[in-house]
Amino acid sequence: MKEYKITLLKGDGIGPEIVNEAVKVLDKVAEKHQFSIQYEDAYLGGIAIDKTGVPLPEETVAKCKASDAVLLGAVGGPKWENQPGNNRPEAGLLGIRGALGLFANLRPAVIFEPLREASPLKAEIIGEAMDILVVRELTGGIYFGERGRKEKDGVPAAYDTEMYTVAEVERIARVAFRMAMKRGKKLCSVDKANVLESSRLWRETVIKVSKEFPEVELNHLYVDNCAMQLVRNPKQFDVIVTSNIFGDILSDEASMISGSIGMLASASLGEGKLGLYEPIHGSAPDIAGQGIANPLATILSVAMMLRYSLDQDEAADDIEKAVNEVLKTYRTPDIYTDGTKKVSCAEMGDLVCAQLQG
Ligand code: IPM
Ligand code: MG
């Protein structure tokens, strides 16, 4: 029997609750498809600060490197807000992305059929379906550039630097083109090339890489225009590729179109098979421990893990189908509407397991 090693980074806030439900589902699907999973827990974020003094202990990096995939809940919370910038829970998240070389962040924004009425956009704008994939560069740009404080014109000032190398743009562009080839063969590269030099290099490089993928239709949008187009006519998009910071912003926007940020999964990938999978929402400290969080984004992140790191595509399809089925009747409070049944975080996990059981 094939055996996989998964590191769990449950993190803070609702992180542990949602990861526990995702683990139930992973165990169930493993049983059905005859593979086994060995889990290791490791600390990341606020909990890591509490236990070890730093948001990303060495031991966590070592455990993640020694596994087939990493499943992350969420990090951060008010308790650690006064930590210095380089010791905040979020620094742990950036640190693990960097340490594992996970430069490609895939954030699909899809509307699940039963949730179509949950989109804040009018039905005629979203149409029959919405299926956008945001490919966000994850280990470069302003998130990782030089930053600091210094005096400017005799007053205190601060700076952050956006810088991309050609090689960094080439590799993320290739990931995006390959994804487009598997989907609708349309790629939109988003930048701010009318102002930023780093964006001009980004655009030149994406155009150069496009020669390797003549079947993909490529266009370019400035980020401000893209933000507008996402709500004006989201159907025009198939795959979007963009920098770390623009991708952070646009993926939140795209996710909201689908109705609830509590539904969307993500995969962070590098050169090899090892990937880190996490819901795109945060740690929601305001509802932590109440059992009302929506575990579906984490459960759907497990589906992405099965597809991209474990080569278990059928198991991944099974989870996505089960989620779609369960949503017809059952909802956590964030996606509840009249006529459906309200369930807790744990009940939602059990329902997906029961659906997988058939
Ligand atoms: C995300 C989050 C993180 C980011 C934060 C928590 C550092 O917003 O994954 O989108 O900005 O990358
Ligand atoms: Mg974000």
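Colleague: Leaving aside neighbours within four places in sequence, which residues is methionine 263 in contact with?

Modeller: Phe112, Leu115, Asn294, Leu296, Ala297, Leu300, Val323, Leu327 and Ile335; contact means heavy atoms within 4.5 Å. Before we go on: this is a predicted model, where local features need pLDDT of at least 70, side-chain atom pairs count only at pLDDT 80 or more, and totals for chains, interfaces and linings use all residues. Residues are numbered from 1 along each chain as its sequence is written, chains are lettered from A and ligands numbered from 1 in the order written, and side-chain values use heavy atoms, with hydrogens and water left out.

Colleague: OK. Which residues touch the most other members of the largest nonpolar core?

Modeller: Met263, Leu306, Ile319 and Val323, out of 86 residues in that core. A nonpolar core here is a set of buried Ala, Val, Leu, Ile, Met, Phe, Trp, Tyr and Cys residues joined through side-chain atoms within 4.5 Å. Buried is under 20% relative accessible area, exposed over 50%, partly exposed in between, with a 1.4 Å probe and protein chains only. Apart from that core lies another of 14 residues, including Val75 and Leu93.

Colleague: Switching to the ligand: what surrounds ligand 1?

Modeller: Glu90, Leu93, Arg97, Arg107, Arg136, Tyr143 and Asp248, going by heavy atoms within 4 Å. The shell has two nonpolar, no polar and five charged residues. Tyr counts as nonpolar along with Ala, Val, Leu, Ile, Met, Phe, Trp, Cys and Pro; Asp, Glu, Lys and Arg are charged, and the others, Gly among them, polar.

Colleague: Which helix gives the largest share of that shell?

Modeller: Helix 4, residues 89–99, with three residues. Helices are DSSP runs of H or I, at least four residues, and strands are E runs of at least two, numbered from the N terminus.

Colleague: How far are the polar side-chain atoms of tyrosine 143 and aspartate 248 from ligand oxygens?

Modeller: Tyrosine 143 has one 2.5 Å from an oxygen of ligand 1, and aspartate 248 has one at 2.9 Å. Taken alone, ligand 1 exposes 320 Å², and the protein buries 76% of that.

Colleague: And serine 243, buried or exposed?

Modeller: Buried, at 3% relative accessible area. Serine 243 sits in the loop between strand 10 (239–242) and helix 9 (244–257). Beyond residues up to four places away in sequence, serine 243 touches Arg136, Glu137, Glu162, Tyr164 and Trp202.

Methods. A polar contact is a pair of N or O atoms within 3.5 Å; within protein, one must be able to donate a hydrogen and the other to accept it, and residues adjacent in sequence count only if both atoms are side-chain atoms. Accessible areas come from the Shrake-Rupley method with a 1.4 Å probe; for residues, only the protein chains shown count as cover.
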